[in-house]
Structure formats: C-alpha cells, structure tokens
Amino acid sequence: MRQVRRGPAAPPGQGAYGGVPQQPSYVDGHGGPEAYDSGYNTGQVYGRPAGGPGGPGGPGGGPGHGPGPAPDWRRRIKWTAITVVTVLVVTTVGTYFWADGKLNREVDLATVIDRPEPGEGTNYLIVGSDSREGMSDEDKKKLHTGSAEGKRTDSMMILHTGDNGPTLISLPRDSNVTIPEFKGSESGKTRPAMGANKLNAAYSIDGPTLLVRTVEFNTGLHIDHYVEIGFAGFANIVDAVGGVEMDIPQDIKDTKSGADFKKGKQTLNGEEALAFVRTRYALAGSDLDRTKNQQKFLSALANQVATPGTVLNPFKLYPTMGAGLDSLVVDKDMGLFDLAGMFWAMKGVSGGEGTSMNMPISGSAGNGNLQWDMPKVKQLVEQLKNDEKVTVSGN
C-alpha cells in the first residue's frame, strides 16, 4: 500500500503565501529513501519515458508512434497470381462445359453403311441448309428466304485438314451423282440405288446420313465429321461478330436472294451476307460462281471469328459462340476441339495457307446436271486420302 511522505517543513518566511509548498511524493509501502518513485513528480505518470523502450521513437512502439513493418510484396504478388490463375481456370472450364452442352449432336454417322476406309488427315462435310426453323414470318421476309416447308442443302463443301495445309472443295448442288443403296434413317429399311440425281436430292430424301453416304459413294473419300447450319443461324453469327468485310467482285442485283451490291470492299451484316452467299441468278457462271463466293465468305467469316478482337473480347466471344452453337447441327462424335480445328483451317484458307476450289467439272450431263471430271476427281481424292499436297485444279 502506498504512503504519503512529506518533506521537511518550509523554512521561515516561506509557506502558503511565501513560496511554493513542496509537493508530496508517492512511494511504495516499503518506505526508505531508495523506494521507487512512481514518477509523479517528473510528470511521467503513465507509460514509459519518451525515447525509451516502448516509447514513440523506440523499439516496440505501438501503432501511430512510428513506421510499421514494410509490406511483403513477394507474398502479395504470389497470392494475386494464384487468384488470377484460379479465375482463368474456372472461367475456361466453365466456358468449355457451357459450350459443349450447346452443341446439337444429332447426326449418327455410325448408321451410314458401306463406308470407305479412313485416310490421313480429317475430312469435314460442311452443309448450309435452307432450314427456316425458328424463323418468324417477319424474319423470312427480311432475309428473303421464302416459306418452303422442310429443308434442303443450299451449299456443300468438303474441308480437308492435314500436314499440307487445308483444302476446301465446293460440291455444286447440281452435281450429277448416283444415290446409292442406303438404309433409311427412320425406317431402318434398306432402299435400292436411285440412278443419276442432283447431289442435293440425297439430303431431301433422307437427310444428313444419306448425303454423307452419297458423297462417300461418289468420291471414295471417308467423311469424319458433319457440320450443318441454317439460314437464321448463319445471319446471327455474322451479326454477332459485327459484320464481315468482303471485296465484292462485281455489281450484284438479285431480287430472289435480296442481294443489291456495288463492286468493291464493304462490310456485310447478317442479312446482306445471307443474300450474298445465296445469289445465283445474277452471276454469269451460275452455280460455280456462287460456290466460289460462298468459299470466300465462309473463309472471311472464320478469319473474323478467330481474330483477337473476337476471341479476347467476352462481349463478342460469348454472343458469337452462342449464336453459332445454337444453330449448328453436328455428328455425335464432334467435339469442341474438332469444331475449333475446322474454323482454324478455314481461317488458313483465307490467309493463303491452303487451297480452295470447286470439284473438277467436265461439262453437263444429259439431264442438265453438272458432270464431274472423274479422272481428276480420282486423283484429287487420292491426294487427300494420303494427305499429300493438292495439285489438281478445279473449276
């Protein structure tokens, strides 16, 4: 217990009015002249002396009494990097499963009978159909599609990818071919061969599997993957990427497709692009010139989709993927990497890394259909099967 120790009495003449009275000091209860002074008399009642251990300027000072420890930048950078990588991985994986779930895998190539042996590289059969599924009357009028029921093939191409660059071959829909014996996709019944017909008749009779069967039978080339897109989907993809720049080779006006273009470079929106690739009657070469325009446009579209401005911009990438995946019909074995490989190969064609051509034509058949130049076709198919550089020229 602390006690109050009073000092000696004030000298004469000093007291309450003659001087400052001596203040009492507080000491521990042990007493004695060496007893610990609490510091009251020095004014340091609380804390420790300034500058000493624990003081504002000394070691161990509390917050606000001096600079704290330096930030650990290595640790911050490490955790920032881990966070960024984690977000990227989660986003990528989520995008993959979202996109994979949107693919319409409706075509079962396993049901196609009497198929040629697979060769080197990969062969895609790419089909543009005139399907109007999901289109309103206003859409049909705007896109000049008409209102025909069902769907037919508006364009057909074989894309070969391999070690010698991609090769894109258009198959004119008026090609004179034999529709071979086939098994009905719905009935399961085997149907006899149907003599000479237009190539696009195969699709009208029994859909994608008979078209694949007919292409394989008449070329001897194994088709690995099937990809189909309708009118509306095509236009939506073009609009999603912000349009596609094309160099129109000549003035074109076609009331049936809705095309009305002046010669020269211009950016086509979805409606204009569909009119351009469907134009037939305004071209001197009819179907052959039309297929060349389709090749040019699809290659330019693939090139636009594969640019950093689309791939690295989520506001363009996701609408483009959504528009494309919603409208594509593919085979059951088609994966996202197969689809990406197809687009990348078509980009290569537009970039000059590959070859684009029509199927070699020798003239017209007796029924007015286009007759393939079979010696050239045989040579072309052998080069594709062996994944050799294509030396055959088309029309």
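Start by selecting F261 and F276: both are buried, meaning under 20% relative accessible area with a 1.4 Å probe and protein chains only, where over 50% would be exposed and anything in between partly exposed. Keep in mind that this is a predicted model, where local features need pLDDT of at least 70, side-chain atom pairs count only at pLDDT 80 or more, and totals for chains, interfaces and linings use all residues. Residues are numbered from 1 along each chain as its sequence is written, and side-chain values use heavy atoms, leaving out hydrogens and water.

Now show F276 and F297 together. These two make a tilted aromatic pair, 6.5 Å from centre to centre with 55 degrees between the planes. To pair, ring centres of Phe, Tyr or Trp (its six-membered ring) must lie within 6.5 Å; planes under 30 degrees apart are stacked, over 60 edge-to-face, and the rest tilted. Since F276 sits in helix 5 and F297 in helix 6 (residues 287-305), the pair ties together parts 21 residues apart in sequence. Helices here are DSSP runs of H or I with at least four residues, strands are E runs with at least two, and both are numbered from the N terminus. Like F276, F297 is buried.

Then jump to W73, where R76 lies over the ring face, 4.9 Å from the centre. A charge counts as over a ring if Lys NZ or Arg CZ is within 6 Å of the ring centre and within 35 degrees of the ring normal. Last stop, W344: K347 lies over its face at 5.1 Å from the ring centre.
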